[in-house]
Amino acid sequence: MATDPKTFVFSDVSIHNKTKDCWLIIDGKRCSVNNLSEISVVLNSIVHQVYDVTPFMEDHPGGDEVLLAATGKDATDDFEDVGHSDEAREMMHKYYIGEVDKSTVPKKRTYVAPADRTYNPDKTQDFVVKILQFLVPLVILGLAFVVRSYTKEKSA
């Protein structure tokens, strides 16, 4: 890793999202936690590291689609969910090109469930309406058939 890392703006990193130009943002930690009092130090020292993985696109075991899907966002969760080996983590060092300014990284959005329609525990009204929508045309068709049959008998 470079001793004096270059700092990028998130929008500049997110435009590198093609097979021939692919950058990823993955969180890294500058120090380790030895006790609970150091947790705030670690949280404040988490940096968004930038990796230019363009040379690795063809060699990635998951294919280049996996890497491309992780561009333009914080790819930390994608990286950690796969469970990369220690060898893969060591390999990351040669692709490291700098860090992203934390203030330019968009906040993670939390999932907001869609609003439910009002629940109607008594579905009888809906059921009756649907039955009537089916039966009324059948009754009209039946009456038309009866009237036609009746008028044919009278005229014959």
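Colleague: How much space lies in the largest pocket?

Modeller: A pocket is an open set of points on a 1 Å grid over the protein atoms alone, where a 1.4 Å probe fits, with protein on both sides within 12 Å along at least five of seven lines. Volume is the space filled by probe spheres set on the points, which are joined across faces, edges and corners. Here the largest pocket holds about 430 Å³. This is a predicted model, in which local features need pLDDT of at least 70 and side-chain atom pairs pLDDT 80 or more, while totals for chains, interfaces and linings use all residues. Residues are numbered from 1 along each chain as its sequence is written, and side-chain values use heavy atoms, without hydrogens and water.

Colleague: Which residues that line the largest pocket are the closest to its centre?

Modeller: Lining residues have an atom within 4 Å of a point. There are 21, and Phe56, His60, Leu67, Phe79 and His84 are the closest to the centre. Helix H4 (76–82; helices are DSSP runs of H or I, at least four residues) gives the largest share, three residues.

Colleague: Which residues have the most contacts inside the largest nonpolar core?

Modeller: A nonpolar core is a set of buried (under 20% relative accessible area, 1.4 Å probe, protein chains only) Ala, Val, Leu, Ile, Met, Phe, Trp, Tyr and Cys residues joined through side-chain atoms within 4.5 Å. The largest has 14 residues, and Ile26, Tyr51, Val53 and Leu67 have the most contacts inside it. Another core, of eight residues, lies apart from it and includes Val13 and Trp23.

Technical notes. Buried < 20%, exposed > 50% of the residue type's maximum accessible area, 1.4 Å probe, protein only. Helix = DSSP H or I, 4+ residues; strand = E, 2+ residues; numbered from the N terminus.
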